Amino acid sequence: MTSINEQPIPAARPVIGEEEIEAAVRVLRSGRVVQGPEVAAFEEGFSELVDGRHCVAVNSGTSALHMLLLALGIGPGDEVIVPSFSFAASANAVRLVGADVVFADIEPGSYGLDPAAVEAAITPRTAAVMPVHLYGHPAAMDKLMPIARKHKLAVVEDACQAHAAALNGTPVGAFGEGGTFSFYPTKNMHALEGGMVTTADPELARTLRLLRNQGMEQRYANEIVGANMRMTDVAAAVGRVQLTKVGGWTDQRRANAAYLDAHITAPNVTTPPVAEGARHVYHQYTIRVRGDREAAMAKLTEAGIGNAVYYPTPIHRLKPYWEPDQKAGRNWDLPETERAAAEVVSLPVHPSLGEGDLARIADAVNALGENL
């Protein structure tokens, strides 16, 4: 139980400091608040995180995924291979362009797509594969990219939880035809709300810019059918401030995770493994609990430790996917996905934690004991 002098430790804590507030007010006072110089500067700054790729800022991470699929020409008749163990937006973007979602199983350590499962899921209709860098751990891009090249598939990276993560020195968002990031307030960096698409292809970048702005580069000279997926300059200004801090925050998250790795010793708990060559940025610090997970979470909450399950229901079991698949006679065999959904619990790892907070978290986990 939390002592009278101990405040609960939240699972996440968005940072909105004076610099972010001042940046937002400066833009508001300027009168230029949508798709202006702040957006362009934010895109240029974010490019440094993705090996200099073109960056196109949009209004959310979901819009980034949706728009990238549209720009790649993926639509009705196509299939996209997606992990079921992810936030629903990963699959929703595929459905929104009219393509079919094909679910593949995950690796138990990284929670990313299992390359063997991806290769087994490829059909003549497969157009793309969507690795999700879940919790801030890069997917197995070193194995997925050769499979994609062999079968001539586009690679759409969902890096919405993985700002500054990398594999063998290559940052996520710089592997495939395009990558996508989210700037939702609980992410490792944010812009109040927003997203970013990254690509090495200048023509694809131009198409993305058209799509986000009603299909036009010059006003009223519409070239293609587009939408309004623009980022505001207020959001971009906040994002630019956060860009100056995300490096330090990432170092702190990694240090916090290292402390928890070293101090969590509960026999029924597995701390998050990190693949060789992977730079994990710990959007979430996700343990696996063997036994009664609900009881474990209740004990953690009683001890004042914020905790949550991301994600308790795999996407393939959500109503919009489950019901059509059942009618079509599709039954996905995803044992690692089901196991992860039943065992994972995410703990606080955000950079606002002090050593006393980390000690409380480790002690609370270790106090769970063996009899869950």
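How many aromatic pairs does the count come to? The count comes to 12 aromatic pairs, where rings of Phe, Tyr and Trp (its six-membered ring) pair if their centres lie within 6.5 Å, and planes under 30 degrees apart count as stacked, over 60 as edge-to-face and the rest as tilted. This is a predicted model, in which local features need pLDDT of at least 70, side-chain atom pairs count only at pLDDT 80 or more, and totals for chains, interfaces and linings use all residues. Residues are numbered from 1 along each chain as its sequence is written, and side-chain values use heavy atoms, with hydrogens and water left out.

**Phe-42 and Phe-183**

- The ring centres of Phe-42 and Phe-183 are 5.1 Å apart with planes at 55°, so this pair is tilted.
- The pair links distant parts of the chain, 141 residues apart: Phe-42 is in helix 2 (residues 37-47), and Phe-183 is in the loop between strand 8 (178-182) and strand 9 (195-199).
- Helices (H or I, at least four residues) and strands (E, at least two) are DSSP runs, numbered from the N terminus.
- Phe-42 is buried at a relative accessible area of 0%; buried means under 20%, exposed over 50%, and partly exposed in between (1.4 Å probe, protein chains only).
- Phe-183 is buried, with 0% relative accessibility.
- Ring pairs join Phe-42, Phe-46, Phe-181 and Phe-183 into a cluster.

**Tyr-111 and Tyr-135**

- Tyr-111 is buried at a relative accessible area of 4%, and Tyr-135 is buried at 2% relative accessibility.
- The rings of Tyr-111 and Tyr-135 have centres 5.2 Å apart and planes at 80°, so the pair is edge-to-face.
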